[in-house]
Amino acid sequence: MLSFVVDAKDKNCSARAGTIKTTHGIIETPIFMPVGTVGSVKTLTPDELYEIGATIILGNTYHLHLRPGDDIVAHFGGLHRFMNWKRNILTDSGGFQVFSLADLNKITEDGVEFKSHIDGSKHFFSPEISMEIQKKLGSDIVMAFDECVPYPSEKSYVAKSLERTTRWAKRCKEYSLDYHQSLFGIVQGGVFKDLRKISADQLIDLDFPGYAIGGLSVGEEIPLMYEIAEYTAQLLPEEKPRYLMGVGTPEDILNGISFGIDMFDCVMPTRNARNALLFTSEGRLSIKRADLAKSDDPIDKNCDCYTCRNFSRGYLRHLYKAGEILAMRLNTIHNLHFYISLVKSARNAIINGNFEAFKNDMLLKLNQGGN
Ligand SMILES: CC1(C)O[C@H]2[C@@H](O1)[C@@]1(COC(C)(C)O1)O[C@@H]2CNc1nc2cc3nc(N)[nH]c(=O)c3cc2[nH]1
Ligand SMILES: [Zn+2]
């Protein structure tokens with residue numbers, strides 16, 4: 001089971017620093033969770049992730065069920081053993097992927113029929129099946145099986161869908177999970193505040209150890225995402241962790257922290273790294289740029305990651321242009337270190353009582369072109 005304490009709160013906004021404890025170690029929040037969809041954070045080893053300071057990574061029910069299969073992962077003793085990761089794992093429930101990746105066949109009260117995006121084979125997910133898969137994976141934090149409605153959606157559809165998502169959440173809760181696992185409810189309701197309130201209240205009545213804000217970062221405009229994320233975060237119990245799914249850029253995360261959100265995940269740092277797009281304390285940097293060919297500078301002079309301590313921009317540009325796999329690895333180390341250091345610095349600023357100044361200073365730096 002998971003415990004959570006709030007260690008410090010900001011006086012001027014809803015930001016807070018907290019500590020989550022599970023059987024796989026401590027997670028200091030605000031936290032950024034690297035995405036390891038099919039049992040690997042792309043291009044990195046677990047030791048490299050430990051060195052960067054990652055304390056929790058994401059796995060995915062949909063992907064691991066399709067390949068290699070949750071039975072195979074269970075055969076190896078669960079996902080921690082299979083991928084030799086000794087810290088925390090949060091698994092998404094498959095809800096989002098079934099609706100966004102799979103060839104969706106039918107949604108009924110019982111569950112969802114879909115065809116695999118890999119080989120077209122037919123599958124069926126229900127709340128119980130999602131829980132059974134996550135139990136076999138042995139993740140520390142399990143997400144309820146939900147429907148992430150697309151954006152935009154008719155309000156009448158969103159209203160009906162959130163009711164079913166609550167019924168599904170109840171079925172997830174009634175399923176007995178492995179003793180060390182904790183189940184989070186996922187708030188839906190689209191971009192409608194009244195529906196968000198209904199969804200949040202229904203899930204709070206079911207009493208989960210933590211809550212996620214779903215249905216966002218699905219293509220809606222950023223100001224709208226902020227408005228709904230901030231409103232929804234404030235509906236959720238202060239003494240439980242709040243997780244904003246699929247978010248986001250460094251700016252989104254700093255704003256999300258000011259809304260009182262504790263947990264974030266996004267493919268951006270890893271995906272952008274593989275496309276030579278790097279985050280720095282002086283704005284974004286495309287390492288492909290021709291003018292960097294002879295630059296002996298590190299990616300970021302304020303960064304102490306392995307990549308910045310050992311390699312020049314010129315060398316990293318060369319590796320990328322040559323299609324070397326090492327380019328993706330070194331870029332990923334830097335981008336993930338940037339994200340994890342950002343939330344660590346945010347946590348320290350909250351504890352020291354100067355989060356607002358920290359956030360405003362970072363937002364200015366992040367949007368400079370000065371590279
Ligand atoms: C599919 C992939 C890799 O996941 C990223 C990224 O593409 C992409 C695709 O388009 C953008 C928006 C740019 O980001 O959306 C993903 C990030 N947004 C997001 N992840 C979510 C996961 C979720 N899981 C559950 N169970 N329920 C949810 O409501 C939910 C909502 C979510 N919103
Ligand atoms: Zn670096």
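This is a predicted model: local features need pLDDT of at least 70, side-chain atom pairs count only at pLDDT 80 or more; totals for chains, interfaces and linings use all residues.
User: How many bridges pair strand 2 (residues 16-22) with strand 3, and in which sense?

Analyst: Strand 2 (residues 16-22) and strand 3 pair over 5 bridges in the antiparallel sense. Two strands are said to pair if DSSP finds at least two bridges between them. Strands are DSSP runs of E with at least two residues, helices are runs of H or I with at least four, and both are numbered from the N terminus. Within this pair, Ile-20 stands opposite Ile-27 in strand 3. The two strands form a hairpin, with 2 residues between them.

User: In what order do the strands of the 8-stranded sheet lie?

Analyst: In general, the side chains of a regular strand alternate between the two faces of the sheet. Here, 8 strands form an open sheet in the order 4-14-13-12-11-10-6-5, with parallel pairing. Strand 4 (31-33) and strand 5 (56-60) are at the edges with a single partner strand each, so one side of each has no neighbour in the sheet. From one strand to the next, the twist averages 25°. Angles of this kind run from 0 to 180 degrees between N-to-C directions, and axes are lines fitted to C-alpha atoms, for helices over the stretch in contact.

User: Which strand is joined to strand 10 (residues 141-143) by 3 bridges?

Analyst: Strand 10 is joined to strand 11 (residues 182-187), and the two run parallel. Ile-141 stands opposite Ser-182 in strand 11.

User: Which strands does helix 9 (residues 222-235) lie across?

Analyst: Helix 9 lies across strand 11, strand 12 (210-213) and strand 13 (242-244). Contact here means heavy atoms within 4.5 Å. The helix runs at about 165° to strand 13.

User: What is the order of the 3-stranded sheet?

Analyst: The 3 strands form an open sheet in the order 7-8-9, and the pairing is antiparallel. Strand 7 (103-107) and strand 9 (122-125) are the edge strands, each pairing on one side only. The twist averages 25° from one strand to the next. Strand 7 pairs with strand 8 (residues 112-115) over 4 bridges, and Asp-103 stands opposite Lys-115 in strand 8.

User: Which residues coordinate the zinc ion (ligand 2)?

Analyst: Donors are N, O and S atoms within 2.8 Å of the metal (3.2 Å for Na, K and Ca), and sites may look incomplete because water is not among the atoms. The zinc ion (ligand 2) is coordinated by Cys-303 (SG), Cys-305 (SG), Cys-308 (SG) and His-334 (ND1), at 2.1 to 2.3 Å. Along the chain these donors follow the spacing C-x1-C-x2-C-x25-H. The site is tetrahedral, with angles of 102 to 117° among its 4 donor atoms; four donors count as tetrahedral if all angles lie between 85 and 135 degrees.

User: Is Cys-303 buried or exposed?

Analyst: Buried means under 20% relative accessible area, exposed means over 50%, and partly exposed lies in between (1.4 Å probe, protein chains only). Cys-303 is buried at 14%, and Cys-305 is buried at 2%.

User: How many disulfides does the structure hold?

Analyst: A disulfide is a pair of cysteine sulfur atoms within 2.5 Å. The structure holds 0 disulfides. The sulfur of Cys-172, for instance, is 15 Å from the closest cysteine sulfur, in Cys-148, which is too far for a bond. Cys-172 is buried, with a relative accessible area of 0%.

Notes: Residues are numbered from 1 along each chain as its sequence is written. Chains are lettered from A and ligands numbered from 1 in the order in which they are written. Side-chain values use heavy atoms; hydrogens and water are left out. Four donors count as tetrahedral if all angles lie between 85 and 135 degrees; four count as square planar and six as octahedral if opposite donors are over 155 degrees apart and all others between 65 and 115; anything else is irregular.
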